[in-house]
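Work through the exercises below with the sequence and the coordinates side by side, and try each task before reading its solution.

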Amino acid sequence: MFDALTGIPNRLFYEKRVVEDVGRWKRFETPLSIAIWDVDKFKNVNDSYGHKAGDKVLKAIAQILHKRIRETDFLARYGGEEFVMLLPGTIEEETLRLANELRMAVEKCSFHYADAAVPITISCGISGFRPGDELAAVFERADQALYRAKAAGRNRCVVAACKSQ
């Protein structure tokens, strides 16, 4: 249930938790947002500094993100250099505000490996759940928003368009 490298929940734990959170969202109709994170140009870190440096970066990012969210929020390593967050009781605008704070915290963190500064940034795609939504559609919207963040130059957070847009 926990990722061996980062110490945070893993994808299996996420898949269990998201079913619970979506069930609560459907029953109580309270806001629920999802945020998908990806480390920018992570392959360059591994290629330039080695996999040990890449592992150090993933651990540090996981801790930065985890320490700055509420107890009711959920963060998991989704795979590789991707993380996913569930934010119950949070509308997209609030999620965007938090995501930008987290993004800047990662950017400002001084990563070093073998006395070399390693610049690291992350990008994020956000989507909220709307009436009639299914998880797959919300996840896909957040994922597409992440791709737009990457295409727009990385180191940014983008909120997905509503279904009606």
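The model is predicted, so local features need pLDDT of at least 70 and side-chain atom pairs count only at pLDDT 80 or more, while totals for chains, interfaces and linings use all residues. Residues are numbered from 1 along each chain as its sequence is written, and side-chain values use heavy atoms, with hydrogens and water left out.

**Exercise 1.** Determine how many aromatic pairs there are, and classify the pair of Trp25 and Phe129.

*Solution.* Rings of Phe, Tyr and Trp (its six-membered ring) pair if their centres lie within 6.5 Å, and planes under 30 degrees apart count as stacked, over 60 as edge-to-face and the rest as tilted. By this rule the count comes to 5 aromatic pairs. For Trp25 and Phe129 the ring centres are 5.1 Å apart and the planes stand at 55°, so the pair is tilted. Next, locate the partners, taking helices (H or I, at least four residues) and strands (E, at least two) as DSSP runs numbered from the N terminus. Trp25 belongs to helix 1 (residues 11-28) and Phe129 to the loop between strand 6 (122-128) and helix 5 (135-151), so the pair ties together parts that are 104 residues apart in sequence. Finally, apply the accessibility classes (buried under 20% relative accessible area, exposed over 50%, partly exposed in between; 1.4 Å probe, protein chains only): Trp25 is buried at 10%, and Phe129 is buried at 6%.

**Exercise 2.** Give the strand order of the open sheet and identify its edge strands.

*Solution.* Two strands pair if DSSP finds at least two bridges between them. The open sheet consists of 5 strands in the order 2-3-1-6-7, with mixed pairing. Its edge strands are strand 2 and strand 7 (157-159), each of which pairs on one side only. Strand 6 and strand 7 pair in the parallel sense over 3 bridges, and Cys124 stands opposite Cys157 in strand 7.

**Exercise 3.** Which strands does helix 1 touch as it packs on the sheet?

*Solution.* With contact meaning heavy atoms within 4.5 Å, helix 1 touches strand 1 (32-39), strand 2 and strand 3 (82-88).

How values were computed. Axes fitted to C-alpha atoms, helices over the stretch in contact; angles between N-to-C directions.
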